[in-house]
Every structure is written in C-alpha cells, then in structure tokens.
Amino acid sequence: MSLRKKILLVLNPIAGKMRAHNYDIPSLFSTHTLTTYYTTDGASTELYVASCASLYDTVICAGGDGTLHHVVNGLMRLENPPTLGFIPCGTTNDFAVSLGIPRDIHDAAALIEKDRAIPVDIGSFGNRFFVYVASFGAFTESSYKAPQESKNRIGRMAYLFEAMREFPRIRPCTLSVETDVGSFRGDYVFGAVSNATTLGGFLRLSPADIAYDDGLFEVMLITMPRSVMDFQQIIFSLLRRQYNPEYITYIKTKRALFSMEQGVPWSLDGEYDSGSNTVDIQIHPKAIRLHL
C-alpha cells in the first residue's frame with residue numbers, strides 16, 4: 001500500500017500458541033493510520049468489525065483460521081466491505097496454505113503492502129458465513145489431533161494413523177443432499193463443502209481443481225465403509241487424490257441443501273457449529289476482496 005491508508009488490524013494475541021504475541025505486528029504498518037483491536041472472543045470480534053470496519057480502507061486479520069472466520073463474518077454484514085489482508089498466525093492456516101499466503105509474518109505483511117486485492121467467494125451456512133470449509137463427521141477433528149512430533153517425523157501419514165484410531169467410534173449420518181448437479185442420499189461418515197486445496201492439513205484437493213472466484217463449491221461425501229480395511233483404502237485414496245466413486249462423491253455446485261434424520265455438529269473454518277436437521281449452504285461469489 002504505497003499511499004497512507006486507514007487500517008484496522010484485528011489481532012488475536014494468543015493465536016498459534018501465542019505466536020502472534022511474539023511479534024510486534026502493529027509496527028509493520030506504522031506508515032499508515034492504524035487502529036489495533038485485540039480479540040477476546042469470536043462474537044465480540046464480529047460485532048466490532050461489523051460496527052466500524054466501514055470506516056477503514058483495509059482490515060487486516062492477524063490470527064488463525066478461526067480468527068479469520070470471525071472477521072469475515074463481521075465484514076459480510078457490510079454492504080461494501082473494505083479489502084481484507086491476512087497474516088496467518090494459527091496452527092493449521094489451511095486457507096493461507098491454499099492461497100499461498102506466506103507463513104512468515106513479515107512476508108505476509110509485505111504481500112499486503114503490495115496493495116493487490118483479488119475477489120474471493122464466501123460461503124453461507126444458514127445465517128453464518130464461512131471462508132473455506134464447512135464439514136462434519138470423521139476427519140473433522142483427526143487432523144488437529146495428530147501429534148506434532150508424528151507430523152514432523154512422518155508427515156501426512158500421521159493423519160492416517162490418527163484417522164484409523166477414530167474408526168471404532170465412527171457413526172454414519174443418514175442424509176440427503178440437493179445440489180445443482182443432482183440429489184444424493186446415503187449413510188455418510190464425512191462431508192465437506194469447501195473452497196480450498198487443504199482441509200485440516202490432511203485432505204488435499206488438486207490446485208488445478210480449485211478457483212476461489214468461480215462461484216462454485218467443491219463438495220465431498222464419504223460413504224460409511226464396510227470394514228476397517230475399506231476405511232484404510234478410503235484414506236489412501238484421499239491421500240492420492242484418486243476418489244473411488246464406490247465410496248467418495250465429489251462434485252461442484254453453487255448450493256447444497258442437507259437434510260438429516262438427526263442433526264450433527266459441523267466445523268466452520270475449524271469453529272464449532274451445532275448444525276441442525278436442515279442445513280442450507282450457499283455461495284456468495286466474489287464477496288470479499290483479499291490482498292494476495
């Protein structure tokens with residue numbers, strides 16, 4: 001940003017095990033008129049952003065995927081939201097990884113200073129918004145539970161082992177899904193409506209398959225496996241991005257209406273949502289302009 005601008009910095013000081021707290025992030029934007037808001041909880045963050053972000057040229061989120069989730073929920077309540085910058089300070093940073101936003105805080109700040117903003121699609125989940133994924137079922141938590149030591153030693157295979165440990169506890173969800181390309185019904189152990197290449201560090205979609213401004217979600221549904229061996233094959237096929245149609249449904253759609261016999265919890269950008277028997281997920285094309 002070559003010109004002096006009014007910037008709202010929304011900073012989560014305890015993101016990524018206090019990683020954000022270890023850097024003087026406000027000083028990186030000292031040439032601008034800066035207001036810094038330190039987050040305490042998601043609801044307060046959303047309310048603050050919705051109430052005053054329109055007074056600024058740019059809002060910068062410094063935190064993890066969860067902090068970004070709440071900032072975007074605030075911005076989406078504005079008629080003309082300002083541009084958004086993201087400095088990833090969280091543990092997984094799925095959205096930043098997908099878009100190629102640097103993990104290094106100084107490099108991420110330098111990217112924002114280039115003042116290039118691109119439009120990105122945003123999803124809605126009932127009256128909530130999400131940035132890159134709404135998911136339920138198996139794998140939703142396993143990627144975050146995999147021990148860091150194991151991830152460092154054996155990489156993505158650590159997620160495989162953590163997911164295999166989940167198998168005895170997996171219970172299918174009977175549901176139907178109405179989409180632009182057809183209707184689907186079955187007993188599913190996992191579902192994701194996403195707009196990213198990486199989900200929880202475990203599920204990786206092909207970058208060639210993802211466009212962040214095409215007005216389409218990628219939807220993945222995984223049918224309940226018959227045995228632990230089948231479950232293992234499903235996980236290997238996900239790691240290889242070779243989706244066996246016997247177990248994995250993979251489509252693109254603008255909208256997905258989920259109807260469930262019994263509501264299940266969902267994860268929205270890693271944030272808990274209780275869900276309901278009927279969930280209407282829609283895409284909002286090019287709703288936010290992101291510095292990239």
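The model is predicted, so local features need pLDDT of at least 70 and side-chain atom pairs count only at pLDDT 80 or more, while totals for chains, interfaces and linings use all residues. Residues are numbered from 1 along each chain as its sequence is written, and side-chain values use heavy atoms, with hydrogens and water left out.

**The cores.** Select I25, L75, L84 and I87. These residues have the most contacts inside the largest nonpolar core, which has 66 residues. A nonpolar core is a set of buried Ala, Val, Leu, Ile, Met, Phe, Trp, Tyr and Cys residues joined through side-chain atoms within 4.5 Å. Buried means under 20% relative accessible area, exposed over 50%, and partly exposed in between, with a 1.4 Å probe and protein chains only. Next, select F125, F130, V193 and L221, which are among the 22 residues of a second, separate core.

Select N12, G64, G66, T67 and E271. Of the 22 residues that line the second largest pocket, these are the closest to its centre. The space in this pocket is about 390 Å³. A pocket is found on a 1 Å grid over the protein atoms alone, as an open set of points where a 1.4 Å probe fits, with protein on both sides within 12 Å along at least five of seven lines; lining residues have an atom within 4 Å of a point. Grid points are joined across faces, edges and corners, and the volume is the space filled by probe spheres set on the points.

Now show α1 (15-18), α2 (42-52) and α3 (65-75), each of which supplies at least two residues of the lining. The largest share, four residues, comes from α3. Helices (H or I, at least four residues) and strands (E, at least two) are DSSP runs, numbered from the N terminus.

**Around β15.** Select S267, which lies in strand β15 (residues 266-268). S267 counts as buried because its relative accessibility is 11%. A polar atom of its side chain lies 3.2 Å from the backbone nitrogen of G270. Move on to D269, in the loop between β15 and β16 (271-273). D269 has a relative accessible area of 2% and is therefore buried.

**Positive phi.** Most residues other than glycine have a negative phi. Phi of D269, however, is positive, near 55°. Finally, select K286 in strand β17 (residues 278-291). Its phi is also positive, about 50°, and at 48% relative accessibility K286 counts as partly exposed.

Conventions: Polar contact = N/O pair within 3.5 Å; in protein donor to acceptor, adjacent residues only side chain to side chain.
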